Amino acid sequence: MMNETVISSLQNPQVKRLVLLQQKSSERRKQGVFVVEGLRELQHCQEAGYQIESVFLCPELAKDTRPSAPHLFTVTPKVYEKIAYRGSTEGVVAVVFDKPLTLNELKLSSSPLLVILERVEKPGNLGAVLRSADAAQADAVIVCDPLTDLHNPNLIRSSIGAIFTVPTVACSSEECIQFLKDRNIQILTAQLQDSHLYYDVDMQQPTAIVMGTEATGLTQQWREAASAHIRIPMLGRLDSLNVSVSAAILLFEAVRQRQIVAL
C-alpha cells in the first residue's frame, strides 16, 4: 500500500527533514537513511537491494515516472526547487534506508581487483573513482579512514549511481591491511618514492591498488604494508594527477593485463 500526500508548502515538516538529511551527515547517520536524487541513480539503488522509505515526485518534471514507495509525496515545482540538490533530475528525490557493507560481507572473485582510497575527502573525486571502478568491473572500492560520508549527495551525483553498482566499504586502514593480507591479495601503493612503473608490475594476480590524497599521499603504514610501490610516469613539470585520473589509469592497466591472459 502506497500512501500519497500532496505538498505545496516549503515549511512542510517532510520538506524540512529532507533538506536536513541532504545537508547533515550526522543526521543521515542518526536516522539511518540517505537521499538519492535522479531516476537513474534511484534505479541503480533499488537494483542493489536498498529499501525506499519515501519518494518526492514533481509531476511537471517527472513525466510518466511513478516510483513505488511506502510513502509518495507529490510536490509542486517550487517545493522541488527547494529539495533538489541539482537541476535536471527527472523530478524524483527519494529517502532510502541505509545498509552499510562490511569487509567480511564482500564477495570477491577468484582473482579480485580492488581499489583502496585512504583519507580521500572530496566527494566528487570518490564519485569519479567509483565510475572507473564500475567500468573496470572492480570487485570493490574500500575507503579507509574516510573523511567524507559515503552517502554524501555530491558523491552519489558524481558517481551517477556507481556507489550502488560497486560494493563500497568504509573501514580503518588497519582493518583493510589485515583483510588483504589474510586473503593473499597483493598491495600496490601508488607513490613516487622507491617505485616501479605501473605497467611493469604484474596485476593479473589478486590485486589491491592503493591511493591517498594529492596533498599528502599515503601514510607510512600503507607504504610499509605494500607488496610493491608503483608510479605513473610524469613527463611534465607537475608531479601528481587527480586521484580519480590515477585510479582510472591503474585500473585499466589491470584490465589490459588480465584480458591478454584471457586471450
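Visitor: By class, what makes up the lining of the second largest pocket?
Guide: Happy to start there. In this predicted model, that lining has 11 nonpolar, eight polar and four charged residues. The space itself is about 470 Å³, and A190, Q191, L192, D239 and S240 lie nearest its centre.

Visitor: Which element gives the most to the lining of the second largest pocket?
Guide: That is α11, with three residues. The elements that give two or more are β12 (228-231) and α11 (243-262).

Visitor: How do you know that β3 and β4 pair, and in which sense?
Guide: Pairing needs at least two bridges. Strands β3 (residues 52-57) and β4 (residues 71-75) share four bridges in the parallel sense, so they count as paired under that cut-off. For one place to look, find S54, whose bridge partner in β4 is H71.

Visitor: Why are β1 and β2 called edge strands?
Guide: Follow the order of this open sheet of five strands, β1-β4-β3-β5-β2. Both β1 (3-7) and β2 (33-37) have a single partner strand, so one side of each has no neighbour in the sheet. Neighbouring strands are turned by 20° against each other on average, direction ignored.

Visitor: What makes you say that helix α1 packs on the sheet?
Guide: Contact means heavy atoms within 4.5 Å, and α1 (residues 13-23) touches β1, β2, β3, β4 and β5 (92-97). The direction of α1 makes about 95° with that of β2. Helix α3 (residues 39-47) packs on the sheet too, touching β2, β3 and β5, with an angle of about 135° to β2.

Terms used. Residues are numbered from 1 along each chain as its sequence is written. This is a predicted model: local features need pLDDT of at least 70, side-chain atom pairs count only at pLDDT 80 or more; totals for chains, interfaces and linings use all residues. Side-chain values use heavy atoms; hydrogens and water are left out. Axes are lines fitted to C-alpha atoms, for helices over the stretch in contact, and angles run from 0 to 180 degrees between N-to-C directions. On a 1 Å grid over the protein atoms alone, a cavity is a set of points where a 1.4 Å probe fits but cannot get out, and a pocket is an open set with protein on both sides within 12 Å along at least five of seven lines; lining residues have an atom within 4 Å of a point. Grid points are joined across faces, edges and corners, and a volume is the space filled by probe spheres set on the points. Ala, Val, Leu, Ile, Met, Phe, Trp, Tyr, Cys and Pro count as nonpolar, Asp, Glu, Lys and Arg as charged, and the others, Gly among them, as polar.
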